Amino acid sequence: MNDINKRIEEILSGLTLKEKIGQLNQQETPVDGDAESFKEQVRNGEIGSILMSVGATAGNDAQGAISIDFYNELQRIAVEESRSGIPILFGRDVIHGHRTVFPIPLAMTASFNEELIERSYKDIAEEASNDSIHWTFTPMLDLARDPRWGRIIEGTGEDPYLGSKFAAAAVKGLQGENPADKNRILACAKHFVGYGASEGGRDYHRAEISDYSLNNYYLPAFKSAIDAGVKTVMSAFNDVSGQPVTSSKYYLTEILRNRLGFDGFVVSDYDAIVQLIRQGVAENDADCAELALNAGLDMDMHDKIYIDKLEKLIESGRVSEETLDNAVRRVLRVKLIIGLFENPYCKQEKYDINKHRQDAKEMACESIVLLKNDGVLPLDKSANIGLAGPFVYEKRSLLGSWMLDGKVEETPNMYEAMKAKMSGTIHDVGGTGLSWDSSLKWLYNSDVAVLCLGESWSSTGEHRAVSDISLLPEQKLLIEKAKSTGKKVVGVLFCGRPIEMQGIADNFDALIYAWHGGSEVANAVADIICGDAVPSGRMPMTAVRKATHIPMYYNVTSSGRPVNCYYGENAGECYIDSLATPYYPFGYGLSYTEFSYGDIKCENKEISLQDLKNGKKFSISIDVKNIGGFNGKETVQLYIHDKLASMMRPIKELKAYKKVLINKNETANIDFEIGFEDLGFYMPNGEYVVEKGEIEIFIGENCLTQRKITIKVK
Ligand code: BGC
């Protein structure tokens, strides 16, 4: 028995039944007046973990500032006054920033830059760990194809490969090599599984997912997080094809643990265990507790079902003590791994917040997607600019949803950022700019209009699904008015989701997609507007023409009639009343410079399946030349299409990418190593296969690239 197992057994053997159950009980921070009875519960060993927020949708509600003294006091009671002395694990939703707010995760994904994602989460962990936090409930790895879903902001969009890259980078950034390091915190991969597939984008709603889709689309990001060492997973609220995940042994034990190899503990989502009654699979609280624990759900978030019901269930034999012990072992293991017993208290240390702000700006810059540019950008710094729209002075929405600890007053708005950056006149017209003067005098006096538009942070996030993903009518009117002056019109959109583009993108001469990009996004946009930074973000999700085209995602299988009808060349055949191609496809984004791609080179176009299985890789490369006027980063994307397989395969699947800085007039040779894990797929039973036959390999600037070679697996 190794040391950690020995310690677990020693601790476990000294616990009463109630104390064991206490380790599985997570409760939220007590509100005023409840603190004393809460302390009593801690003293009695009834609290294993604390959720450091209040309310079922904590990302939408203002949360009080963290009181380190209060949490240290609770910890002192647990360590010194409770019989077992086991420290409490403190968890908070630090989703995309703490004091320094980084772009929403969907935007960070748009950076296609794992090093930067990892660095951002390292900064976030450093700030959070200095504020009593041991554990955060991120990354959210729910693949999602419906931008109406409010929680789209928290995830990585529609692609399993990109999601997997994000997952590993976020987990490494948060936990580091050793999660016991004082500046790191525990990550939590959530929501396992299928939450992003809720029908109609309706939050918490049911998901219908076949095992084939589950394996190929929904599990890879979780697998990647597990391989990167994630120690906790949150189960999802929803049901998958009729099985609530909360009570599903199939999803939580057979798939998560047995197939994906997860060895940490599973926490429920908020009050999810008791919701089994409303989901119609449990009659009462005791049934809920029995089903959830037996399914493999270790820790109960907030609803107190375990602490109230498990004792009797064990005494009556409905749940075995062995099952309980295993769950407790898993929780104790994580507490030991992070060194909580040795370092239970928060000792604040100074960190370099300026460096975090710089990183947040770099991340905001790389996540911004230039969607359109008819030559108007970048602007000369001396240009006279008409700055209009409801986001000229807006600060709060730039920070996005799930922003518990950032400071609005530390967030420059667009007016401040542009004033600081540009030397010409800024005619600022906050609001819609329409009421100030219907003749748009402000714009006639300017060289160019920069319209700062978008959606409020409060129409995104948990429990914030919308049925309309367009801009508000007055914003559309402003775009039309500005356009009618004949001046050049640049749009800057601060949104949490890819919005409906038809009737919006058409009316701009240039369009910058800035997302809810965090504390530094306005400064990043100003840098991009004047050319101090060159845009390099890429869409992590398809931007549709019309919301009625949802779902629309690139890695789709082709129908037999018509072929490839909605994401490709035969789009006219999809609907008879509208063109159903994506407005901006997955992987799309412009730069100020231009890149020219050479031919794809592959030394060996026939590869033996056996060699692949033995780990042999083959190299495939392409020259990319910067032929434009700026140094800039290009994201070179590699997709495959398995032409003939025993199951239908998507028309394209991202399998690799490289984001590289290429200076003006220089050529970069981009080399990919492709192997067994890139060429296959999962069968419905979870078996991974590479099949013999031809595989097309595409390399280009986005998923619509037609530059390809064909290789043969023999
Ligand atoms: C959300 C989780 C979150 C938890 C704690 C739930 O409602 O679905 O993502 O971590 O609340 O705030």
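Q: What makes strand β11 largely enclosed by the rest of the structure?
A: In this predicted model, β11 spans residues 369–373, and four of these five residues are buried. A residue is called buried when its relative accessible area is under 20%. Because four of the five residues are buried, the strand is largely enclosed by the rest of the structure.

Q: How do you know that β11 and β16 pair, and in which sense?
A: Pairing requires at least two bridges between the strands. β11 and β16 have four bridges and run in the antiparallel sense. Within this pair, V369 stands opposite Y513 of β16.

Q: Why is G496 called buried?
A: The relative accessible area of G496 is 0%, and the cut-off for a buried residue is under 20%; G496 is therefore buried. G496 lies in the loop between β15 (488–494) and β16 (510–513).

Q: Which residues does G496 touch, beyond those up to four places away in sequence?
A: G496 touches I104, L106, I152, I153, E455, T460 and H516. A contact here requires heavy atoms within 4.5 Å.

Q: What makes β19 and β22 edge strands?
A: The open sheet has five strands in the order β19-β27-β26-β21-β22, with mixed pairing. β19 (606–607) and β22 (653–662) each have a single partner strand, so one side of each is left without a neighbour in the sheet.

Q: How do you know that β21 and β22 are paired?
A: At least two bridges are needed for a pair, and nine join β21 (residues 632–642) to β22. The two strands run antiparallel. Here L638 stands opposite A656 of β22.

Q: Why does the radius of gyration of the chain agree with that of a compact globule?
A: For 714 residues, a compact globule would have a radius near 27 Å; the chain has 26 Å, which agrees. Along the principal axes, the C-alpha atoms fill a box of roughly 75 × 65 × 45 Å.

Q: What share of the residues in the chain is buried, and what share of the contacts is made by residues 24 or more positions apart?
A: Buried residues make up 63% of the 714 residues. Among contacts with a separation of 6 or more, 78% join residues 24 or more positions apart.

Q: How many positive and negative side chains does the chain have?
A: There are 79 positive and 102 negative side chains, and the centres of the two sets lie 3 Å apart.

Conventions:
Residues numbered from 1 in each chain as written. Predicted model: local features only at pLDDT ≥ 70, side-chain atom pairs only at ≥ 80, totals over all residues. Heavy atoms only, no water. Rg over C-alpha atoms; globule rule 2.2 N^0.38 Å. Buried < 20%, exposed > 50% of the residue type's maximum accessible area, 1.4 Å probe, protein only. Lys, Arg positive; Asp, Glu negative; His and termini not counted. Charge placed at Lys NZ, Arg CZ, Asp CG, Glu CD.
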